[in-house]
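Colleague: I have not looked at this one before. Can you walk me through it?

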Amino acid sequence: SINPNDIGKNWVLTTVYTTGILGMEYLGSGIVLASTSIVAGNPHILRSTDHGRIFNDSITVPIGLTFISSISYLGNGIVVFGTSGAVGGHIWRSTDFGLTFTDLGAISAFDILTIKYLGHGYAIAGDAGNSVQRSVNFGATWPLAIVLANAIQTISYLDNGIAIVGDNNGHIWRSTTIFTGFPSFSDRGDVTGTNTILVSSSYLGNGVVIVTTGNGHIIRSTDFGLNWTDLGLISASFFSTSTYLGNGVAICGAFNGHIWRSTDYGLNWTDIVGITASTLTYDTLKHIGNGAIVVGDNAGNIFRSDVSYKLDESIQDIERPIRTITASETITKGDETL
């Protein structure tokens, strides 16, 4: 049986790549994509078809010294990713689950920092030039929606037509009109009190949303982003990525390679383990179903946590056939006890 409280406690290194992992997204049906830093002049897309157990170098993206800073799955096999660097804020789009991509051109002169799918064909992208671009046709076009006061770092959709945007100056912007007409955002103010960067955000359901900060704090709202409480200093290193796993379990990855977990909808947090000596990179912590999670770091490592086959500890004395081996051989899934 799967115990939700065990999700994210144990991690295994599954892939070692030649350069840093910059973005990650789950497409369903076991398909996971990861974007990389520059390899021989271009970024690459890594692809897994087995829920993140093995990643293969799938695509070289011919965009020169430019990074794929964000990946978002829009459903129906449609994937978009945003770029930052030499060519500015381009959107590349795939309609075949990330096997091939087409450059839609620059939607901004600035780096695309985050993209979030909202459902019903709607998606919004935030850039370093303070702008929010919105697509209403599954990422085919991206007209400008609104210009805010600061660079857009993170976006979350909270249900009921409500979206929030966190910027690099500690402010939360909230919209209830993201699906209607020309969307507007209200500034909820500096929720950190220190104008620090808001790095990642995750919606936990029932109006509860968390936002991680560049100074190791976690900010929490229980009323769909109207009011915010600073939970205080949690990590000595800032949080770079977060995700929600269900059943009240949320996970945050820190810049120093540590994983933090909450089992009470983001109210209390425990430092579980330091899984890497390198940086856990922005927006790479992804829940891929069945109690499995993946995360990437700046050294090119991808880690996976999976409790799908963990037996409940109350089960005792299960007899298994014993097989004796006398030479070196490969262990398979059919082996129980040797």
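This is a predicted model: local features need pLDDT of at least 70, side-chain atom pairs count only at pLDDT 80 or more; totals for chains, interfaces and linings use all residues.

Colleague: Fine. In the hairpin of β11 and β12, how many residues sit between the strands, and which one takes a positive phi?
Modeller: There are 3 residues between β11 and β12 in that hairpin, and N130 takes the positive phi, near 75°. N130 is in the loop between β11 (122-127) and β12.

Colleague: Why point out a positive phi?
Modeller: Most residues other than glycine have a negative phi. N130 is a residue other than glycine.

Colleague: Where else does a positive phi turn up in a hairpin turn?
Modeller: In the hairpin formed by β10 and β11, H120 in the turn has a positive phi of about 60°. That hairpin has 2 residues between its strands.

Colleague: What sheet do these strands belong to, and in what order?
Modeller: They belong to an open sheet of 4 strands, in the order β10-β11-β12-β13, with antiparallel pairing. The edge strands, each pairing on one side only, are β10 (112-119) and β13 (144-147). On average, and ignoring direction, neighbouring strands of the sheet are turned by 20° against each other.

Colleague: How many bridges join each pair here?
Modeller: β10 and β11 are joined by 6 bridges, β11 and β12 by 4, and β12 (residues 131-135) and β13 by 3. To find them on the model, look for I115 with its bridge partner A125 in β11, I124 with R134 in β12, and V132 with I146 in β13.

Colleague: Is β11 buried or exposed?
Modeller: Buried: 6 of the 6 residues of β11 are buried, so the strand is largely enclosed by the rest of the structure. Y122, I124 and G126 point one way, while A123, A125 and D127 point the other way.

Colleague: Which residues touch the most other members of the largest nonpolar core?
Modeller: I124, V132, L148, V165 and F185 do, in a core of 15 residues. The elements giving two or more residues to this core are β11, β13, β14 (152-157) and β15 (163-167). β14 gives the most, with 3 residues.

Colleague: What is V132 in contact with?
Modeller: Leaving aside neighbours within four places in sequence, V132 is in contact with I124, A125, L144, A145, I146, L148, I152 and F185.

Colleague: What does S94 touch?
Modeller: Not counting residues up to four places away in sequence, S94 touches G77, I78, V79, L99, T100 and F101. S94 is in strand β8 (residues 89-94) and is buried, with a relative accessible area of 1%.

Colleague: How far is S94 from I272?
Modeller: Their C-alpha atoms are separated by 36 Å, and the two residues are 178 apart along the chain.

Colleague: Changing topic: how much space lies in the largest pocket?
Modeller: About 910 Å³. The pocket is lined by 36 residues, and T114, I115, K116, D283 and K286 lie nearest its centre.

Colleague: Which strand gives the most to that lining?
Modeller: β6 does, with 6 residues. Elements that each supply at least two residues of the lining include β2 (21-28), β6 (66-75), β10 and β14.

Methods. Residues are numbered from 1 along each chain as its sequence is written. Side-chain values use heavy atoms; hydrogens and water are left out. Two strands pair if DSSP finds at least two bridges between them. Axes are lines fitted to C-alpha atoms, for helices over the stretch in contact, and angles run from 0 to 180 degrees between N-to-C directions. A nonpolar core is a set of buried Ala, Val, Leu, Ile, Met, Phe, Trp, Tyr and Cys residues joined through side-chain atoms within 4.5 Å. Buried means under 20% relative accessible area, exposed over 50%, partly exposed in between (1.4 Å probe, protein chains only). Contact means heavy atoms within 4.5 Å. On a 1 Å grid over the protein atoms alone, a cavity is a set of points where a 1.4 Å probe fits but cannot get out, and a pocket is an open set with protein on both sides within 12 Å along at least five of seven lines; lining residues have an atom within 4 Å of a point. Grid points are joined across faces, edges and corners, and a volume is the space filled by probe spheres set on the points.
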